[in-house]
Amino acid sequence: MKQLSTKVTSNGHGQDSSYFLGWEEYEKNPYDEITNPTGMIQMGLAENQLCFDLIESWLAKNPDAASLKRNGQSIFRELALFQDYHGMPEFKKAMAEFMEEIRGNRVTFDPKKIVLAAGSTSANETLMFCLAEPGDAFLLPTPYYPGFDRDLKWRTGAEIVPIHCSSSNGFQITETALNQAYQQAQKLDLKVKGVLVTNPSNPLGTALTRRELNLLVDFITSKNIHLISDEIYSGTMFGFEQFISVMDVLKDKKLENTEVSKRVHVVYSLSKDLGLPGFRVGAIYSNDEMIVSAATKMSSFGLVSSQTQYLLSALLSDKKFTSQYLEENQKRLKSRQRRLVSGLESAGITTLRSNAGLFCWVDMRHLLDTNTFEAELDLWKKIVYNVKLNISPGSSCHCTEPGWFRVCFANLSEEALDLALKRLKTFVESTDCGRMISRSSHERLKSLRKKTVSNWVFRVSWTDRVPDER
């Protein structure tokens, strides 16, 4: 028998996670309003499909970009030939300026320090290859995106040590949790090379506060390690707060152009803000010349096509369009998020207060038979197989508390979302717990909402995130 590599024979990819298994079940019986109205509704996919009409309108008004023309003349042959894997200068410039715009033009990005990659998956893995040896560890706050178990570990051999965060403070990162994770890595004889965070968070749908970002920069400074800030949801903020990037903190702390700044790296992508995951456009931004050089060489294994770069450089260079797009995108995300939260409330289900992202972190602890992950998995199976909704259980995100779920809202129509909420409400009311709370809890929520006009009101178990400390 032909021998296969350990990559082929191991379970390191994480494909057997409930996060991926839910997708497989959806693909067997996908919902369609006309052809399969009783099928499974996909609420486990963090895609932004709310603003396609805006991009399609721009394409219609700019036919040269879509037709691969410049001043009416075809440049097909030019784009069809091999391009330098450093990327097109005009595209990197447009990307840098778009990233600046999202951050209110408070910080600047040097196009020469941008490395293009085939999506954020490729960008994060490339940074792992640059920063860690097999067996070295990165600390990640929980709950975190299930795909990181694949993206960061599978091919690189790096390890993940969780920074355990809890609902008691809205899952914020604390100094205690950071130190405990670092000490745990040492006990496991793992060398900690850095911390990786998603800001805004996937799956929480919350942006890191300035206090948390200051804490992270101070921590990696004291430990002489790296910080990767995955900011692919930076343009999805829809609350009153401005998005605060780690680059803002470096500037405020006057750490720009220092050794500390060389250990802070930003990952970005157009997959979430523009809703273009199929275009496979990601980027690494680093102040370390050696990282930029090595990552650029590695990018030859995952290039962004010349046609894609040409089209998007034209789109991102249209400042009037990008300004209007970001504003409208945030409005639509906020409206859709409120629709989900309101529908969940009517079913007696609450969520973590969120201000960003394409999903909500949903609290179903009161629906568990017991406070265990086994009970969470049982509840998830009922929702997947009986209710026919694909949502992601908190355990797949390494949450330390059973009963939390990630529910996406931007990848489906309003009609599909309303149907999903109707199905879920019917399910909740059919349970023993649902019958008990359907009247008393719902009436209590309505009463409290009348008294509290300016605040979000949830169950007693919900805890708001600590206000930003400036």
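This is a predicted model: local features need pLDDT of at least 70, side-chain atom pairs count only at pLDDT 80 or more; totals for chains, interfaces and linings use all residues.

Modeller: Residues are numbered from 1 along each chain as its sequence is written, and side-chain values use heavy atoms, with hydrogens and water left out.

The expected span is 1.5 Å times one less than the number of residues. Helices (H or I, at least four residues) and strands (E, at least two) are DSSP runs, numbered from the N terminus.

The buried residues of α9 are Ala177, Leu178, Ala181, Tyr182 and Ala185. Seen down the helix axis, these buried residues fall within an arc of 135°, so they line one face of α9; the arc is that of the directions from the axis to the C-beta atoms. On the other side of α9, Glu175, Thr176, Gln180 and Lys187 are exposed. Buried means under 20% relative accessible area and exposed over 50%, with partly exposed in between (1.4 Å probe, protein chains only).

The cover over the buried residues of α9 includes strands β5 (137-141), β6 (159-163) and β7 (192-198), together with helix α10 (210-223). Contact here means heavy atoms within 4.5 Å. After α9 comes aspartate 189, whose phi is positive, near 60°.

One of the covering elements, α10, has 14 residues and reaches 20 Å from its first C-alpha to its last, close to the 20 Å expected at 1.5 Å a residue. Its buried residues include Leu213, Leu216, Val217 and Phe219. The buried residues of α10 pack against α9, β5 and β7, and also against β8 (226-230), α11 (246-252) and β9 (264-269). Just after α10, asparagine 224 takes a positive phi of about 60°.

A side-chain arrangement also involves Tyr182, one of the buried residues of α9. The charged end of lysine 223 sits over the ring of tyrosine 182, 4.4 Å from its centre. A charge is said to sit over a ring if NZ of Lys or CZ of Arg is within 6 Å of the ring centre and within 35 degrees of the ring normal.

α7 is mostly covered, with ten of its 13 residues buried; among them are Gly119, Asn124, Glu125, Leu127 and Leu131.

A search of the whole structure finds ten aromatic pairs. Rings of Phe, Tyr and Trp (its six-membered ring) pair if their centres lie within 6.5 Å; planes under 30 degrees apart count as stacked, over 60 as edge-to-face and the rest as tilted. Tyrosine 144 and phenylalanine 148 form a tilted pair, 6.4 Å centre to centre with 40° between the planes. The rings of tyrosine 145 and phenylalanine 148 have centres 5.3 Å apart and planes at 80°, so that pair is edge-to-face. Tyrosine 144 counts as buried at 6% relative accessibility, and phenylalanine 148 is buried at 2%. Tyrosine 145 is buried as well. Elsewhere, ring pairs link Trp58, Phe321 and Tyr325 into a cluster.

Four bridges join β4 to the antiparallel strand β10 (residues 282-286), and two strands pair if DSSP finds at least two bridges between them. In β10, tyrosine 285 stands opposite isoleucine 114. Val115 is also touched by threonine 296, as are Tyr85 and His86, not counting residues up to four places away in sequence. Threonine 296 lies in helix α12 (residues 289-298) and, at 8% relative accessibility, counts as buried.

For the setting as a whole, the protein comes to 17 helices and 15 strands, and 55% of its 470 residues count as buried.
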